[in-house]
Amino acid sequence: MQAFLNRPLEGPYPYVWIDATYLKVHRHGRVSVAAILAIGVNAEGRREVLGLDVGPSEAASCLGPSSSASWSGAGSAGSSW
């Protein structure tokens with residue numbers, strides 16, 4: 001998983017979708033968490049998973065460096081997304 005998350009991206013990605021699906025997990029009891037997925041489409045039309053993480057919700061406040069969701073994986077060095 002770390003190799004996938006730390007791989008370089010071959011952007012640019014003119015189209016990027018970020019979406020989440022909620023899963024029930026056992027963390028101090030059964031709770032709902034958001035599995036957040038970023039998918040990009042490159043200039044040739046090929047879709048790629050750019051990043052993924054698990055956070056408390058899909059709200060914008062849960063994404064980014066100040067949150068518990070670490071989008072530091074998948075091409076963070078030099079990525080354009």
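**View 1. Glu 48 sits in strand S3, which spans residues 47–55.** Strands here are DSSP runs of E with at least two residues, helices are runs of H or I with at least four residues, and both are numbered from the N terminus. Before zooming in further, please note that this is a predicted model, where local features need pLDDT of at least 70, side-chain atom pairs count only at pLDDT 80 or more, and totals for chains, interfaces and linings use all residues. Residues are numbered from 1 along each chain as its sequence is written, and side-chain values use heavy atoms, with hydrogens and water left out. Is Glu 48 buried or exposed? Glu 48 counts as buried because its relative accessibility is 11%; buried means under 20% relative accessible area, exposed over 50%, and partly exposed in between, with a 1.4 Å probe and protein chains only. The side chain of Glu 48 makes a polar contact with the side chain of Tyr 13 at 3.2 Å. (A polar contact is a pair of N or O atoms within 3.5 Å; within protein, one must be able to donate a hydrogen and the other to accept it, and residues adjacent in sequence count only if both atoms are side-chain atoms.) Setting aside neighbours within four places in sequence, the contacts of Glu 48 (heavy atoms within 4.5 Å) are Tyr 13, Ala 38, Ile 39, Gly 40 and Asn 42.

**View 2. Three strands form an open sheet in the order S1-S2-S3, with antiparallel pairing.** Strands S1 (15–26) and S3 stand at the edges with a single partner strand each, so one side of each has no neighbour in the sheet. On average, neighbouring strands of this sheet are turned by 20 degrees against each other, direction ignored; the axes are lines fitted to C-alpha atoms, for helices over the stretch in contact, and angles run from 0 to 180 degrees between N-to-C directions. Two strands pair if DSSP finds at least two bridges between them.

**View 3. S2 and S3 form a hairpin.** Their antiparallel pairing runs over eight bridges, with Ile 39 opposite Val 49 in S3. Five residues lie between the two strands, and in the turn Gly 45 has a positive phi of about 90 degrees.

**View 4. A cis peptide bond joins Gly 11 and Pro 12.** Its omega is about 10 degrees. Gly 11 lies in the loop between helix H1 (2–5) and S1, and Pro 12 is found in the loop between H1 and S1 too. Gly 11 is partly exposed, with a relative accessible area of 39%.

**View 5. The protein as a whole has one helix and three strands.** From the N terminus on, the elements run α-β-β-β. Buried residues make up 31% of the 81 residues. The average pLDDT, the predictor's confidence in each residue from 0 to 100, is 75, and 73% of the residues score at least 70. Over residues 65–81 the pLDDT is below 50, and this stretch has 37 contacts in the model beyond near neighbours in sequence. Where pLDDT is low, the predicted coordinates should not be read in detail.
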